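These are my notebook entries on a single model. I looked up strand pairing, salt bridges and pocket lining, in the order given below.

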Amino acid sequence: MHDTPAYEAETEGVLVRVRPSYLAGQSDPDGGRWVWAYQVEIVNLTSVPVQLLARRWVITDGQGRVEEVRGAGVVGEQPVIKPGDSYSYASGCPLSTPTGSMVGGYYMTDLSSGRAFEAAIPAFSLDVPGERRVLN
């Protein structure tokens, strides 16, 4: 999965790195279904522990249709990330077009002060290899 480019964004000392990859074996182009996996790494560059409480995704397909997804935590967890540590998980996204994009945010809490903030998830492309790229 690491043969694809990483997309990165840093917000208030929290670095979010995403690597998408096309899953040809789970896709059915003749049936209008394309599937991607994405690996996310969240790195705490601050000196205090932070907790990921919720997520917000904006998913746009190749025809401009937008779906917003919100929920508690990620993959059933609300991880606490200690200073200097990271948390990684993998998930997936099906689309009805061979290209699209995702962007969003993680709702985080600084566990030393209780201050809430949103860590940006960088915009990234979902592209079938050989198709026109939506984002660079």
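Is Glu12 buried, partly exposed or exposed? I find Glu12 partly exposed, at 45% relative accessibility. I use buried for under 20% relative accessible area, exposed for over 50% and partly exposed for values in between, with a 1.4 Å probe and protein chains only.

Basis of the entries. I note that the model is predicted, that local features need pLDDT of at least 70 and side-chain atom pairs pLDDT 80 or more, while totals for chains, interfaces and linings use all residues. Residues are numbered from 1 along each chain as its sequence is written, and side-chain values use heavy atoms, with hydrogens and water left out.

Entry 1, strands. I took strands (E, at least two residues) as DSSP runs numbered from the N terminus, and I count two strands as paired if DSSP finds at least two bridges between them. Strand S1 (residues 7-11) runs antiparallel to S2, joined by 5 bridges. In this pairing I find Glu8 opposite Arg17 of S2. The hairpin of S1 and S2 has 2 residues between the strands, and Glu12 takes a positive phi near 50° there. On S2 I also find an antiparallel pairing with strand S3 (residues 34-44), over 9 bridges. Leu15 has Val43 in S3 as its bridge partner. Of the 9 residues of S2 (residues 14-22), 7 are buried, and I record the strand as mostly covered.

I count a salt bridge where a side-chain nitrogen of Lys or Arg is within 4 Å of a carboxyl oxygen of Asp or Glu. The structure holds 6 of them.

I looked up the partner of Glu12 and found Arg115, with the closest N and O atoms 2.6 Å apart. Glu12 lies in the loop between S1 and S2 and Arg115 in the loop between strand S8 (99-110) and strand S9 (116-127), so the pair ties together parts 103 residues apart in sequence. Arg115 is partly exposed, with a relative accessible area of 37%.

Arg17 and Glu41 meet in a salt bridge at 2.6 Å, N to O. Arg17 belongs to strand S2 and Glu41 to strand S3, so this pair ties together parts that are 24 residues apart in sequence. For Glu41 I note a relative accessible area of 23%, partly exposed.

A salt bridge also joins the side chains of Glu118 and Arg56 (2.6 Å, N to O). This pair links distant parts of the chain, with Glu118 in strand S9 and Arg56 in strand S4, 62 residues apart. Glu118 is partly exposed at 31% relative accessibility, whereas Arg56 counts as buried at 18%. I also record one network, in which salt bridges that share partners join Glu8, Arg17 and Glu41.

On a 1 Å grid over the protein atoms alone, I take a pocket as an open set of points where a 1.4 Å probe fits, with protein on both sides within 12 Å along at least five of seven lines; lining residues have an atom within 4 Å of a point. Grid points are joined across faces, edges and corners, and a volume is the space filled by probe spheres set on the points. The largest pocket holds about 260 Å³ of space. Its lining has 20 residues, and closest to the centre are Ile59, Glu67, Val69, Cys93 and Pro94.

Which strands supply at least two residues each of this lining? They are strand S4 (50-61), strand S5 (66-72) and strand S7 (86-95). S7 gives the largest share, 6 residues. By residue class I record 12 nonpolar, 4 polar and 4 charged. Here Ala, Val, Leu, Ile, Met, Phe, Trp, Tyr, Cys and Pro count as nonpolar, Asp, Glu, Lys and Arg as charged, and the others, Gly among them, as polar.

Terms used:
Helix = DSSP H or I, 4+ residues; strand = E, 2+ residues; numbered from the N terminus.
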